[in-house]
Amino acid sequence: MSKISDEFKKEFNQIEVDNSTLDKIENNIYHKYNSYKRRKKIVVTVVSLFLVAIVSTGIVYADDIKNYVRTFKFKEYIKDNGKKGVYGKSECFKKVINYDAPLDEVDTETDYNKNYKIKDIEDMLNIKILKSKYLETEEIKQLKTYKINNKISYTMFSYNTGKNNNNNIIRSRMSKFYFVTKYSSGECGIEFNSSGSLKATEYYVKNLDTNAYIFNFSKGFSWDYIIFVIYDGINYSFVISINPIKVNTDELQEYYLHDFLESLHY
Amino acid sequence: METSRFDEVYKSLFKDVFRLVYSYVLNISDTEDILQKTFYKLYKNKKILKLSDIEIKKWLFRVSINETKDLKKLLKYRIHEGLDNIEYKTKESVSLINALSKIKKEYRIPLYLYYYEGYKVSEIAKIMKKSESNIKVRLHRGRELLKTEWRDLNE
């Protein structure tokens, strides 16, 4: 007992928390609390104004203020090392599907998980799945499926890509999507935190009428990105690489990234 | 709002809660997130702020353990695993913490509370809302696994 106890004390006492971390978290707590208070006030004010508007003018048509669905909320912050970080969290959508679909429960991601045609899964679950000329596949692999009382609560698939696409310019690897249903009791959505030097940009995808987040995690001689998109209740993450020999300027990279996103369709 | 009382408690107990959460998640970024959520709950809870430091510490331990459960659920659904904490991975780890990372998460908090904080089994059971026999089993199994992993790492 004493030896383990001594080791615990020795090693955990070495974990030091610097004052800047203490201050940062304390400030975040105060800020969050103040925002919460302010939000409450704003909600009350907005609801009051809305009621007044309804009473005085009747039904208001809001076509001119139509906006796209912003599925992510994010904030930038300065990390202890002075670098900028981005934290984002998406809303939690519960997808309506055929909950009784004959999809086996799968708990682990392995190479041996079952492959399906995209069309077959669409028909089986009564959903639509995004496709792209850059993904160049009609097959998806079932990675995980959870059921509660025999009803599908969560499922994750990956696109069976891996081939080079479009003259080797864009290569997609480990692109996945998942959704949760009303039977899931766990948290859902996508949460990201650009620790370190990851660069994050937001892009409005016209064809989908929603926003996407692009993370650049390039290292050395390759341009790698992870892109998060939530569309129609399904959370997608596309991991893609752009060939640095064929695409050698920032503008061209951006062009292909955006082209990839605009190529997504049902 | 008891801001000054909160400030006092925050400064005196932050490191204790930090170490407890770190012993479970073993990465700084998630530890900071959980601490922020835990202390935010304390800041909003005037009743708890009126208790003694010892009671508040136990309350903070209980809340932070619950927050780690939420994190576990969230991780299940995270599809960007591997993006987080890149900058922390390069840190040199020490052997007992390395050994802890090799054993199941459910054993880490009881071991930490017992060996670092010096709590009795009955107190750990109350903090973790488990039975005493459950905690005894976790401590026994965790201790055996920790010894094995620790020995392997030191060979």
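**Reading one chain, step by step**

Guide: Start with one residue and its place. K32(A) sits in helix α2 of chain A, which spans residues 19-57. Keep in mind that this is a predicted model.

Visitor: Is K32(A) buried, partly exposed or exposed?

Guide: Buried means under 20% relative accessible area, and exposed means over 50%. K32(A) has 34% relative accessibility, so it counts as partly exposed.

Visitor: Now a second residue. Where is E122(A)?

Guide: E122(A) lies in helix α3 of chain A, residues 118-125.

Visitor: Is E122(A) buried or exposed?

Guide: Use the cut-off of under 20% again. E122(A) is at 7% relative accessibility, so it counts as buried.

Visitor: What does E122(A) touch?

Guide: Leave out residues up to four places away in sequence. Then E122(A) touches I127(A), K128(A), I129(A) and K131(A).

Visitor: Let's step back. How many helices and strands does chain A have?

Guide: Chain A has four helices and 13 strands.

Visitor: What share of chain A is buried?

Guide: Of its 266 residues, 46% are buried. Chain A exposes about 14,800 Å², with 52% of that from carbon and sulfur atoms.

Visitor: And what share of contacts links residues 24 or more positions apart?

Guide: Take the contacts in chain A with a separation of 6 or more. Residues 24 or more positions apart account for 59% of them.

Notes. Residues are numbered from 1 along each chain as its sequence is written. Chains are lettered from A and ligands numbered from 1 in the order in which they are written. This is a predicted model: local features need pLDDT of at least 70, side-chain atom pairs count only at pLDDT 80 or more; totals for chains, interfaces and linings use all residues. Side-chain values use heavy atoms; hydrogens and water are left out. Helices (H or I, at least four residues) and strands (E, at least two) are DSSP runs, numbered from the N terminus. Buried means under 20% relative accessible area, exposed over 50%, partly exposed in between (1.4 Å probe, protein chains only). Contact means heavy atoms within 4.5 Å. Accessible areas come from the Shrake-Rupley method with a 1.4 Å probe; for residues, only the protein chains shown count as cover.
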